[in-house]
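Colleague: Could you walk me through this model? I have a few quick questions.

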Amino acid sequence: MYEKIVRKVGFNVAMGKSVTVLELAEKIVELTGSSSRIVHVGSRAGDVRDSRADVSKISGWWKGEIELEEGLKSLI
């Protein structure tokens, strides 16, 4: 049943938590042992200030199992 739904509808799959770009950048620097500096620049027209994926359509049959840090570690 769920396969039919997934094939017809795209989902923005997430954990239902917000992570800022700064938090993500800091975690990547930490996990890679990089000496890179994080540079802040002004916002641009059209930038999205806050966003959180709505997981309500899949929450009854799907639950994220990999936390951000674990997923980043597997990619790095």
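Colleague: How many helices and strands does the protein have?

Modeller: Three helices and zero strands, in the order α-α-α along the sequence. Helices (H or I, at least four residues) and strands (E, at least two) are DSSP runs, numbered from the N terminus. This is a predicted model, where local features need pLDDT of at least 70, side-chain atom pairs count only at pLDDT 80 or more, and totals for chains, interfaces and linings use all residues. Residues are numbered from 1 along each chain as its sequence is written, and side-chain values use heavy atoms, with hydrogens and water left out.

Colleague: What share of the residues is buried?

Modeller: 8% of the 76 residues; buried means under 20% relative accessible area, with a 1.4 Å probe and protein chains only.

Colleague: And contacts, what share joins residues at least 24 apart?

Modeller: 83% of those between residues at least 6 apart in sequence, a contact being heavy atoms within 4.5 Å.

Colleague: Switching to pockets: which residues lie nearest the centre of the largest one?

Modeller: Thr20, Val21, Leu22, Val48 and Arg49, out of 16 lining residues. A pocket is an open set of points on a 1 Å grid over the protein atoms alone, where a 1.4 Å probe fits, with protein on both sides within 12 Å along at least five of seven lines; lining residues have an atom within 4 Å of a point.

Colleague: What classes are in that lining of the largest pocket?

Modeller: Seven nonpolar, six polar and three charged residues.

Colleague: Which residues line the second largest pocket?

Modeller: Among them are Met15, Lys17, Thr20, Val21, Ile66 and Glu67. That lining has seven nonpolar, three polar and two charged residues.

Key. Buried means under 20% relative accessible area, exposed over 50%, partly exposed in between (1.4 Å probe, protein chains only). Ala, Val, Leu, Ile, Met, Phe, Trp, Tyr, Cys and Pro count as nonpolar, Asp, Glu, Lys and Arg as charged, and the others, Gly among them, as polar.
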